[in-house]
Every structure is written in structure tokens, then in C-alpha cells.
Amino acid sequence: MTGGKNFVLKGNICYSEDVHSLKTVEQGYLICQDGKSAGVYKELPVQFADYPLEDFGDMLIVPGLVDLHIHAPQFAFRGLGMDLELLDWLNTNTFPEEAKYADLEYAKKAYGIFAESMKKSATTRACIFGTIHRPATELLMDLMEETGLKTMIGKVNMDRNSPDYLREQGAEESEQETLLWLKETGSKYENVKPILTPRFIPSCTDDLMERLGRLQKEQGLPVQSHLSENQGEVKWVKELCPASEFYGDAYDQFGLFGENGKTVMAHCVSSSEEEIELIKNRGVYVAHCPQSNTNLSSGIAPVRTYLDRKLNVGLGTDVAGGSGESIFRAMADAIQVSKLRWRLTDESLKPLTVEEAFYLGTLGGGSFFGMVGSFLKDYEFDALVLDDSGLPHPQELNLRERLERFIYLSDDRHLKGKYTGGNRIF
Ligand code: GUN
Ligand code: FE
């Protein structure tokens, strides 16, 4: 990491002010003061005139992207075994791969590749699943700390409905390992924080959920899990939890649905009306994962409805349900699947716009981390420098159009700079 925490970036600046409005400033000045944004200006204000200034010429400068849902141990098999639905995919591909992380040598290789790829990506913040294995998860946290990205990482809890080779031997063991993991990692890092991670209801006994609910409350931990991803899963949860009124209620009964802390649930493709209402009332974040929902034939989440009803929504890649780690790609996917939903399922729900998709991948998910995802004053200084000169165009384009193209056409080669909290990553 290089650079101080007071500096100015000059370039073509784009950021969301809210879900519908994209602010663009040509040849503007973006100020970083103590690791936070001090605003975007057309002329450099005199009080910042002595800050070091880096001029990025005709490049674009945007907030860092936020991945609200990704599985680090699944990165190794991204793009493989995409012909199954969720529950078969978990049993056939996912659980055998995740079992390998009992072996620290394997974890070191695989997580090394993951951390390096995340560092080079457009993602500056992420909520990350590990596996049930404490040592491998701690190794993942060490490696992610080094990247400078700001992440929340979870040791996964699972004590039922998976093979012996990927199941903790009872709720007590799962709780004890989690306590030890929290003790070892809770205040160890600058960039990485632990997040409580019950895999999903089918993987966790009531006994375990009760213990995790208590732990969440005692330590005020954030929580991540999966919710209403696929019809077979929703039906299974009904059978497993006859006392709960709907899937989200099965988390809520144990206080693990945003009651006492930040909670992010991946998918919400098939959430019932009551579930949507509880998501809203509890302030639970929805991690929309359009590529995963397509690959696993899960369906299309009604994101237009979620935005209309002012739910907290961001984007997730859900690697390896999603095959890549790009949140720019997730923005394009979110727009595309919303068009299919509009055309095929419900013509009253308009597709997402570029402005909305960009918001979801920056400010929408960013707020899970606090004041993150915008260049409005006092937001944490997470920024990307985008060079679209390798994507030539003969016509004049405005900044909004250049950003739209970048979302659809770019890859990591077009990233020329990345900052989190005012620190330069590359
Ligand atoms: N539900 C429970 N575990 C998983 C997982 O690893 N990936 C996805 N997409 N859904 C899940
Ligand atoms: Fe997932």
C-alpha cells in the first residue's frame, strides 16, 4: 500500500447519490481527507490546494464495488459443474470441494489464488464465506488482510444434512469452534472482521441456531446466510421447521434475522409476501446474485419490488454458483435478468436501469459496511480508476454512456487504480 490519507484525484468522476441518481463530473477533483471523501468539486477548493494531486487524465473514477456474497472455497471450481440445481449441486460439487479445506496445504494454495484474484478485481469490500474449518478460515482471513480489501469473513456452521466429511459433530462442537475462532480473530485485523455464518437452515439444527443466536446477541456480530434461493429448498425448510411460518421466520425465531445486528441474506428469489415484510422491518440486506440464480436455474429475484419497497439491496457474485468475481458483470447480469423477468413473468415490474444496477453494486451493498459506496462527503474513500482507452469508440460519449459501456465490456485489465479507506491497493 502506498500514499498518505490526504490527497486529490483528478479525472472523470461518477458516483451514486441515491438509487436513481448517478452524479457525473467531468474533469473533477475528488478529495481524500483522513481516508474519507471530502467531496467532489469542479474546481479545486483552496483549502485542498496543498494536497498531493494525481491526475488520471481522461480516465473514469468511481467508488469501489461491493460483493455482498461470495464463497472463497468455491473459487477453485468456478465455471465447473454448472448443470445442476442447488441441492444436487451442493451435494455433488460443493461439499466434496469444501471438505478439502481440512487440509491446510490445499487451503493455502486455493485461498492464495482467491486472495490474489480479489485484490486484482474491482471489488473493494466483500462478505465472504469460508468453510467449517477454523484453521483454514483463519488462514483465509490472514491472506485477505494482506490484500488491503475490507472484508467480513465467516467460519461456516453446519451440523446436519451433509456428509460426515463436512459436518461438525454436534451443536456444542460447532459453538465451541466458533467461540475460539472469534476469540482468535475478533480484534486481530485492521481490514478483516468476523461475521457469523450459519450456512442455511437445512445445515443447522435448532440447538445450533439457538446457540448462535445467543452468541450473536452477546457479541453484537453481523450475520450472513442464504434465504429462499430455490423452490426445493423453501419446501425442505418448511418440512424441517414446521413451527416457522416462512423461511425467514426460521432465522428470526433464533434472533438471527437482523433484530440485533446487521444481517445479509443471499438470493431471496422466492420470498413470500410475509418474508419480504419481515426483511423490510428488520432492515435485513438482500444480496442479489443474478449469475448464480441463472447458473443454478434458481429463478429471478424481484429486485424491482425490493427497490420499490425500499429494502436494503446489494449485489453478490455467489462464486461458485456465480462463475466469476466481477461485480461489474453482476450489474450487467442484474439488468439482463430483470428484463427477462419483466418480459416473461410480470410486465408490471420494469427492468433495472444502469443507474440502479450501479447503485446496487456500490452504495446499495456498501451501506452494509457503514458510510461506503459513494463519494458524498464523509464516505470512506474506496475508489477505482477505470481506463476505457482500450475499449475504443469512434463517437462522442458522455460519462454515463462510458460507464454503461464499462459495465458491459470491461475486465480487470481496464482497472488502473484501486483504493480502500484512502489506502492505495494498486
Ligand atoms: N445454500 C447453502 N449453501 C449454499 C452455497 O454454497 N451456495 C449457494 N448458492 N447456496 C447455498
Ligand atoms: Fe451462496
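## Threonine 197 and its surroundings

In this predicted model, a polar atom of the threonine 197 side chain lies 2.8 Å from the backbone oxygen of isoleucine 195, which falls within the cut-off for a polar contact (a pair of N or O atoms within 3.5 Å; within protein, one must be able to donate a hydrogen and the other to accept it, and residues adjacent in sequence count only if both atoms are side-chain atoms). Threonine 197 belongs to strand β10, residues 197–198, where strands (E, at least two residues) and helices (H or I, at least four) are DSSP runs numbered from the N terminus.

With a relative accessible area of 0%, threonine 197 is buried; the term buried means under 20% relative accessible area, exposed means over 50%, and partly exposed lies in between (1.4 Å probe, protein chains only). Leaving aside residues up to four places away in sequence, threonine 197 touches Phe129, Gly154, Lys155, Val156, Asn157 and Gln224, a contact being heavy atoms within 4.5 Å.

## Salt bridges

Across the whole structure, a search finds 25 salt bridges, each defined as a side-chain nitrogen of Lys or Arg within 4 Å of a carboxyl oxygen of Asp or Glu. One of them joins the side chains of aspartate 58 and arginine 402 at 3.3 Å, N to O. Because aspartate 58 lies in strand β4 (residues 53–63) and arginine 402 in helix α13 (residues 399–409), this pair ties together parts that are 344 residues apart in sequence. Aspartate 58 is exposed, with a relative accessible area of 53%, whereas arginine 402 is buried at 6%. A network of salt bridges links Asp58, Asp388 and Arg402.

Glutamate 98 and arginine 199 form another salt bridge, their closest N and O atoms being 2.8 Å apart. This pair also links distant parts of the chain, with glutamate 98 in helix α1 (residues 86–99) and arginine 199 in the loop between β10 and α5 (206–219), 101 residues apart; both residues are buried. Arginine 329 and aspartate 333 meet in a salt bridge of 3.0 Å, N to O, and, being 4 residues apart in helix α11 (residues 327–344), they are separated by about one helical turn. Arginine 329 is partly exposed at 45% relative accessible area, while aspartate 333 counts as buried at 7%.

## A buried glutamate without a salt bridge

Glutamate 275, in helix α8 (residues 273–282), is buried yet has no salt bridge, and the nearest side chain of opposite charge, that of lysine 238, is 8.9 Å away; here Lys and Arg count as positive and Asp and Glu as negative, while His and the chain ends are not counted. Apart from residues up to four places away in sequence, glutamate 275 touches Leu227, Ser228, Phe246, Tyr247 and Gly248.

## Annotation and confidence

An unreviewed UniProt entry places the feature "domain: Amidohydrolase-related" at residues 61–423, in the numbering used here, with the feature name shortened and with the caution that annotations may be inferred rather than shown by experiment. The end C-alpha atoms of residues 61–423 lie 15 Å apart, and the span is 42% helix and 16% strand.

The mean pLDDT of the chain is 97, and 99% of its residues reach 70 or more, pLDDT being the predictor's confidence in each residue, from 0 to 100. The model scores ipTM 0.99 and pTM 0.98. Where pLDDT is low, the predicted coordinates should not be read in detail.

Residues are numbered from 1 along each chain as its sequence is written, and chains are lettered from A and ligands numbered from 1 in the order in which they are written. For this predicted model, local features need pLDDT of at least 70, side-chain atom pairs count only at pLDDT 80 or more, and totals for chains, interfaces and linings use all residues, while side-chain values use heavy atoms, with hydrogens and water left out.
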